[in-house]
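The sequence and the structure come first.

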Amino acid sequence: DYLGSGAASTAAGARFSAKNCVLESLSCHGQLGVLRTDADPLGLPADTITPYTSVGIAWRLASTVTLLAQMDYHGEVFRSRLLSENGSPLWGSLGVRWRAGKSWYLDASFAEDLAVGASPDINFRFSFTYRPVFDHSKK
């Protein structure tokens, strides 16, 4: 059964993006927020409100290729002596985005734990995304 924990979570936060930050081909991104969880699926005592933040850059190398770098942090969710000894999770990610067409993007990246033992050692991410382009000049 892969029905989930039955718990509900909500998040509130703020995001920002800035094109041409530092260099013309560099975009900067960030977010800051909190996550609220209703229940703990593992039966451990859990904080119901956990902060999170991330900062990232996207460096456009060509019209279809962008290098990505990001750091992510979130507070500890579970209150456990075993887990709290490792501190809060902190990840560093590196990747590449290829624009495969006018609206299609392929991302490939990996994330490494920077706070050893507080999160998975390494993970790989792949995504294929469609972002429609709307022509607002036609009425």
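## Disulfide and the loop around it

A disulfide links cysteine 21 with cysteine 28, at an S to S distance of 1.8 Å. The model is a predicted one, and the structure holds 1 disulfide. The link between cysteine 21 and cysteine 28 is right-handed, with 80 degrees about the S-S bond. Cysteine 21 and cysteine 28 are both buried.

Asparagine 20 sits in the loop between E1 and E2, and valine 22 is found in the loop between E1 and E2 as well. Most residues other than glycine have a negative phi. Asparagine 20 has a positive phi, near 55 degrees. Valine 22, which is not a glycine, also has a positive phi, of about 70 degrees. Asparagine 20 counts as partly exposed because its relative accessibility is 49%, and the cut-off for exposed is over 50%. Valine 22 has a relative accessible area of 80%, so it is exposed.

## The chain as a whole

The secondary structure of the protein chain consists of 1 helix and 7 strands. Along the sequence these elements follow the pattern β-β-β-β-α-β-β-β. The protein chain has 139 residues, and buried residues make up 23% of them. Among contacts with a separation of 6 or more, 41% are between residues 24 or more positions apart. The accessible surface of the protein chain is about 10100 Å², and carbon and sulfur atoms account for 61% of that surface.

The largest pocket holds about 580 Å³ of space. Its lining has 25 residues, and those nearest the centre are Leu68, Gln70, Arg97, Asp107 and Arg125. Two or more lining residues come from each of strand E1 (9–18), strand E2 (26–37), strand E3 (49–60), E4, strand E5 (90–99), strand E6 (104–113) and strand E7 (122–130). E3 gives the largest share of this lining, 5 residues. By class, the lining of the largest pocket has 8 nonpolar, 12 polar and 5 charged residues.

The second largest pocket holds about 420 Å³. It is lined by 22 residues, and Ser27, Ala58, Arg60, Thr66 and Arg97 are the closest to its centre. The elements that give two or more residues to the lining of the second largest pocket are E1, E2, E3, E4 and E5. This lining divides into 8 nonpolar, 8 polar and 6 charged residues.

## Residues in the strands

Beyond its neighbours within four places in sequence, leucine 68 is in contact with Ile57, Ala58, Ser93, Leu94, Gly95, Val96, Arg97 and Asp107.

Arginine 99 is in strand E5. With 33% relative accessibility, arginine 99 counts as partly exposed. Leaving aside residues within four places in sequence, arginine 99 is in contact with Ser63, Thr64, Trp104 and Tyr105.

Isoleucine 122 belongs to strand E7. Isoleucine 122 counts as partly exposed because its relative accessibility is 39%. Not counting residues up to four places away in sequence, isoleucine 122 touches Phe110, Ala111 and Glu112.

| Residue pair | Separation in sequence | C-alpha to C-alpha distance |
|---|---|---|
| Leucine 68 and glycine 56 | 12 residues | 7.4 Å |
| Arginine 99 and threonine 66 | 33 residues | 8.5 Å |
| Isoleucine 122 and phenylalanine 110 | 12 residues | 7.0 Å |

Phenylalanine 110 in the table is also one of the residues that isoleucine 122 touches.

Key. Residues numbered from 1 in each chain as written. Predicted model: local features only at pLDDT ≥ 70, side-chain atom pairs only at ≥ 80, totals over all residues. Heavy atoms only, no water. Disulfide = S-S within 2.5 Å. Buried < 20%, exposed > 50% of the residue type's maximum accessible area, 1.4 Å probe, protein only. Contact = heavy atoms within 4.5 Å. 1 Å grid on protein atoms, 1.4 Å probe; cavity = no way out; pocket = protein on both sides within 12 Å on 5 of 7 lines; lining within 4 Å. Points joined across faces, edges and corners; volume = space filled by probe spheres on them. Helix = DSSP H or I, 4+ residues; strand = E, 2+ residues; numbered from the N terminus. Nonpolar A, V, L, I, M, F, W, Y, C, P; charged D, E, K, R; others polar. Areas by Shrake-Rupley, 256 points an atom, 1.4 Å probe, with all protein chains shown as cover.
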